[in-house]
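Visitor: Please show me how to read the main features of this model.

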Amino acid sequence: MARMKFICDAERCIECNGCVTACKAEHAVPWGVNRRRVVTLNDGVPGERSISVACMHCSDAPCMAVCPVDCFYRTEEGVVLHDKDTCIGCGYCSYACPFGAPQFPSSGTFGMRGKMDKCTFCAGGPEAHGSAAENDKYGRNRLAEGKLPACAEMCATKALLGGDGDVVADIFRTRVMMRNKGSEVWGWGTAYGKPSSGSGAPKATKS
Amino acid sequence: MKTLLATGACLVVLCGLAACGEKPQVAGSSVQGQPAYVGTGVVPYTDAGWKAGDATSWEEQMRTRTQAGQNEYVRSGGK
């Protein structure tokens, strides 16, 4: 079964916020809740980079680990979803998530936190696919309609890729190779380490 | 002697089964949604390239849609 993943190509993202708008429009996300947002690093400095960030649907999700009421679950497609009927809005997941994905509407009395809301990879929730209840709580279920997340499909420069992890990784790899880039591409060194001088296998170093 | 052996065997079996009553401590809710390939049953919004209920067809649809929509090297017909 496919494992659904997002990846954002920082060389292509032009900070247009099209993904953010697509998400809000597709799921009628209320004011104050941003399931997806664009983060710019070194804003205004030559060489600034922007990336689109939302729930990364982690394989070992920290939100899932800390939830006191166990409202999270992982679908067959590897999407991390949650049950809003079980969520108590405690906010633990918000502290645990390294991407700031969990969002809380503050529409309750005295600013009380509502149920957590986050990116669903356009896969809805535990209710029946395409039902009104699912749509009200989680938004559109595009995966069950044979479509991909709206943010990735609406991205003008195709910076944001979303789909089966193996497929999007292949697409990204092809791009990097076509740019005649390799290990010097932004973020690569952080994830996989810098190449050692000369050819051959990288040498182990003491940290 | 036989009684001693039988008692010993019983003790070993009991010790072996001691952990069987342990509840699983794996993170994850008991709530599980349906898999996406089941479809929504709402025909006008469903993409025509696959058959609802068929997992293989859904996976193929995802692959095709990702390549066609997000890989411009495929869309432009060359490299």
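**Core, chain contacts and confidence**

Guide: The largest nonpolar core has 46 residues, and those with the most contacts inside it include Phe72(A), Phe121(A) and Leu160(A). A nonpolar core is a set of buried Ala, Val, Leu, Ile, Met, Phe, Trp, Tyr and Cys residues joined through C-beta atoms within 7 Å. Buried means 20 or more other C-beta atoms within 10 Å of the residue's own, exposed 12 or fewer, partly exposed in between, with C-beta atoms placed from the backbone. This is a predicted model: local features need pLDDT of at least 70 and side-chain atom pairs 80 or more, while totals for chains, interfaces and linings use all residues. Residues are numbered from 1 along each chain as written, with chains lettered from A and ligands numbered from 1 in the order written.

Visitor: Which residues does Phe121(A) touch?

Guide: Contact means C-beta atoms, placed from the backbone, within 7 Å. Leaving out residues up to four places away in sequence, Phe121(A) touches Met4(A), His57(A), Val79(A), Leu143(A) and Pro149(A).

Visitor: How many helices and strands does chain B have?

Guide: Helices (H or I, at least four residues) and strands (E, at least two) are DSSP runs, numbered from the N terminus. Chain B has three helices and zero strands. Of its 79 residues, 15% are buried.

Visitor: How many residues of chain B are in contact with chain A?

Guide: 33 residues of chain B are in contact with 37 of chain A. H2(B) gives the largest share of chain B's side, 10 residues.

Visitor: What pLDDT does chain A average?

Guide: pLDDT is the predictor's confidence in each residue, from 0 to 100. Chain A averages 86. Over residues 198-207 of chain A, pLDDT is below 50.

Technical notes
Two residues are in contact if their C-beta atoms, placed from the backbone, lie within 7 Å.
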